[in-house]
Amino acid sequence: MKQKRKWMSFVLAAAMAAGACSGCVSKADPAPTTAATQAPAPAAGQESGGETPAAETEAPAASSWAEEAGLNKTETVEELYELAKAEGELNLYGCTGRLENVSADFMAEYPGIKVNFYDLGINEMLEKFSREYEAGIHTADILQLKEQTGSISREYIQQGLLHNYHPEDIFDGVNPDYLIVTPFVVELDWWNYNTEVYSELPISSWWDITKPEWNGKFVFLDPSGEPDLPVLLAAMVQHSDLLEADYEKVFGKPIELADNEPDAAHAWINRVAKNGAIMETSNTNIVKAVGGAKGMTDPPIGYGVSSKLRERDLQGFVLGVEPDKFDMPTTAVSFMVAQIADQCEHPNAAKLYIRYLCGEADHQGKGLEPFLTVGSYPVFPNAPAIEGNPDYDSIPKFDLDLDYYYDNYQDVYDYWLSVQP
């Protein structure tokens, strides 16, 4: 309960921010709009497609509903379509406008099912869903959102409020560690640099940005509204030994800790905070600051979500990335997920839609297409390759540990605040 209170205080402090989902739009409890009118193996202890053990333990009634709704089954598209047509519609809470195109294509593919799409920031989405659920109102069928702090898993899936759906033919071959949620795309964070100013990424270690020559010349996402930086800091604290070894490699001597630096990770946080870190309120602003126009002089480098590299192709931003240049990990893993709401009114339409969003069993379908952009990584091994994407396996990543992030990232964020100059 202590950690949950800390998480909720952080959410409230974010002032109902867009919730760390690229392209999220914040609106106050909007009415639904019809999308057509808008211009690998199961995880340990799970049956394929079934509930997490925690959900079964903590919410037996909810798990019973999930079983009755067939969330542990792998049904054919034809079977689901007949059942979904009888339900007639689908209520989708989502945090990216790309779902407008997905939903329009879905309705064209499956006539007789109307998709009502609510375009919401993640924080307001969860507030709306929780408020409705507590009142016994089950409007939402699917919540499409982002998981990077462990809060979706711990506070919603394990409590039986949201459910995983892992049909075998869709999720065969997906990394079992990822199936604590229902993921379809992985996003990372990485350093962006201006390709007109630099021929390559001008840093090769986290410690480089603590040096005087980088004072005031690097950008992070403001942690008061988005959790990306606190999650990174938590991963660093968990693996402080890597930062300690890297310090000696960069500076040629063992690190000497100050009194307020309990380990090398906290030392890095303290020294970065005091070296003029620039904070931006969105990932879009980060890539704009780095390479949003030609002819920029002395632009900063910027650390932000990988999916924003698409602005290089869409808007001609002069952006470069080399996420494999560091010896030690440079990023945690976050997920774009689609979770089925407990006791929803249209479970078969929800199952059919999630299959569609994942590109169906061969992952070549139109539902996944809007997410096949540079900087995004579908979780499915046989998904289409994305031209220009850095190789996922070559990028040093921290081991996925959502439980650790959930339990510790608020404390690390508090330390970040305490060392601000």
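**Close-up views of a predicted protein model**

View 1. With a relative accessibility of 6%, G320 counts as buried. In this predicted model, G320 belongs to strand β11, which covers residues 319-321. When residues up to four places away in sequence are set aside, G320 touches W191, N192, Y193 and T195. A further pair for this view is G320 and G291, which lie 29 residues apart in sequence and 8.8 Å apart in space, C-alpha to C-alpha. G291 is also the position at which helix α12 (283-291) ends.

**View 2. D298, a residue with positive phi in a loop.** D298 is placed in the loop that runs between helix α12 (283-291) and strand β10 (301-305). The phi angle of D298 is near 50°, a positive value in a residue other than glycine. Is D298 buried or exposed? Its relative accessibility is 53%, and the cut-off for the exposed class is over 50%, so D298 counts as exposed.

**View 3. H363, a residue with positive phi in a buried setting.** H363 is found in the loop between helix α14 (347-357) and strand β13 (376-378). Phi of H363 is near 60°, and this positive value again occurs in a residue other than glycine. The relative accessibility of H363 is 2%. Buried residues are those under 20%, and H363 therefore counts as buried. D298, by contrast, counts as exposed.

**View 4. The cysteines C344 and C358.** C344 has a relative accessibility of 5% and counts as buried. C358 is likewise buried, with a relative accessible area of 2%. How many disulfides does the count come to? A disulfide is a covalent bond between the sulfur atoms of two cysteines. Under the rule that the paired sulfur atoms lie within 2.5 Å, the count comes to 0 disulfides.

**View 5. The whole protein, as context for the close-ups.** The predicted protein has 15 helices and 13 strands. Of its 421 residues, 59% are buried. Its accessible surface comes to about 16300 Å², and carbon and sulfur atoms account for 49% of that area.

Notes. Residues are numbered from 1 along each chain as its sequence is written. This is a predicted model: local features need pLDDT of at least 70, side-chain atom pairs count only at pLDDT 80 or more; totals for chains, interfaces and linings use all residues. Side-chain values use heavy atoms; hydrogens and water are left out. Helices (H or I, at least four residues) and strands (E, at least two) are DSSP runs, numbered from the N terminus. Buried means under 20% relative accessible area, exposed over 50%, partly exposed in between (1.4 Å probe, protein chains only). Accessible areas come from the Shrake-Rupley method with a 1.4 Å probe; for residues, only the protein chains shown count as cover. Contact means heavy atoms within 4.5 Å.
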